[in-house]
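Please keep the sequence and the coordinates open while reading.

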Amino acid sequence: MSLSRFAGWFRPYSVPICLFVVVAATVLFVPPLVLGEVTGRTYALTIAVLIVAVSSVLPYAVAVAILTVPVPYAGLGSYAAPAAVESFSPTAALRHVVAGVSYAVAATAVGGVSVGIDFAVSSGSSPLQAVRFPALGVPPFLTLGGAAVAAVYVAVQLWRYDSPLAEIGLDTVLGTVGLGVLLAASPVAALWLFGAFGF
């Protein structure tokens, strides 16, 4: 298969595939890096973190997905639109909501697993002992994990539209970036909800 044919096949599915790869790579490779060993215990701890993170973020994820339905309705971007100009329909709205919930959960999963890096940094663990961040009020790698997923979403979604940015339009670009910002906030929202409900 030629590169152009592969790109044509891949483009409509690019956002969910790329975000799945980011989450899978984080879950598979970050815990052994942080804990220094590839064992069942390492991945059991990772699964526990993921369960807590996902259960904490679900109210936020659902709210973001539903409350942003006016964005694709206005033609300003979407979590699921394969084209910059797509007619709004109940099916398009449903795809937007499902994708929005999924992507917010993905951002939280990456941010949640990344919290392990903060523990490694604070304890002077070997691979990351030189990494230092100013106090942000929340764990810095939690924030960076969400921002990484949001950046992947924005970059790949704009590429997915298969049009120059000038043709996509500034409104759609800004709408897509705004949707990405809401994804970036997902891990912090999960941490806040986790504390608010007293878990």
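1. Leu45 sits in helix H3, which covers residues 40–67. Helices here are DSSP runs of H or I with at least four residues, strands are runs of E with at least two, and both are numbered from the N terminus. Leu45 is partly exposed, at a relative accessible area of 40%. The cut-offs are these: buried is under 20% relative accessible area, exposed is over 50%, and partly exposed is in between, with a 1.4 Å probe and protein chains only. Leu45 and Pro31 are 14 residues apart in sequence, and their C-alpha atoms are 8.6 Å apart in space.

2. A word on the basis. This is a predicted model, where local features need pLDDT of at least 70 and side-chain atom pairs count only at pLDDT 80 or more, while totals for chains, interfaces and linings use all residues. Residues are numbered from 1 along each chain as its sequence is written, and side-chain values use heavy atoms, with hydrogens and water left out.

3. The overall content is simple to state. The protein chain has nine helices and zero strands. Along the sequence, the pattern reads α-α-α-α-α-α-α-α-α. Of the 199 residues in the protein chain, 43% are buried.

4. Next, two helix pairs. Helix H6 (residues 140–160) packs with helix H8 (residues 170–184) at an angle of about 155 degrees, and their axes are 8 Å apart. H6 is therefore roughly antiparallel to H8. Axes are lines fitted to C-alpha atoms, for helices over the stretch in contact, and angles run from 0 to 180 degrees between N-to-C directions. Angles over 145 degrees count as roughly antiparallel, under 35 as roughly parallel, 65 to 115 as roughly perpendicular, and the rest as oblique. H6 and H8 cross in a right-handed sense. A crossing is right-handed if the near helix is turned clockwise from the far one by less than a right angle, and left-handed if anticlockwise.

5. H6 also packs with H2, at an angle of about 155 degrees and with the axes 9 Å apart. H2 and H6 are therefore roughly antiparallel to each other. The crossing of H2 and H6 is right-handed.

6. Gly180 counts as buried, at 2% relative accessibility.

7. Ala104 belongs to helix H5 (residues 90–122). Ala104 is buried, with a relative accessible area of 0%. Ala104 and Val54 are 50 residues apart along the chain, and 9.1 Å separates their C-alpha atoms.

8. Ser87 is in the loop between helix H4 (70–73) and H5. Is Ser87 buried or exposed? Ser87 counts as exposed, at 62% relative accessibility. Pro72 is 15 residues from Ser87 along the chain, with 8.9 Å between the C-alpha atoms.

9. Finally, the surface. Leu3, Phe6, Trp9, Tyr13, Ile17, Phe20 and Val21 form a nonpolar patch, with about 770 Å² of accessible area together. Helix H1 (3–10) and helix H2 (14–35) are the elements that give two or more residues to the patch. Phe6 lies in helix H1 and is partly exposed, at a relative accessible area of 38%. Patch residues have over 30% relative accessible area and no salt bridge; nonpolar side chains (Val, Leu, Ile, Met, Phe, Trp, Tyr) are joined within 5 Å, like charges within 9 Å. A salt bridge is a side-chain nitrogen of Lys or Arg within 4 Å of a carboxyl oxygen of Asp or Glu. Accessible areas come from the Shrake-Rupley method with a 1.4 Å probe, and for residues only the protein chains shown count as cover.
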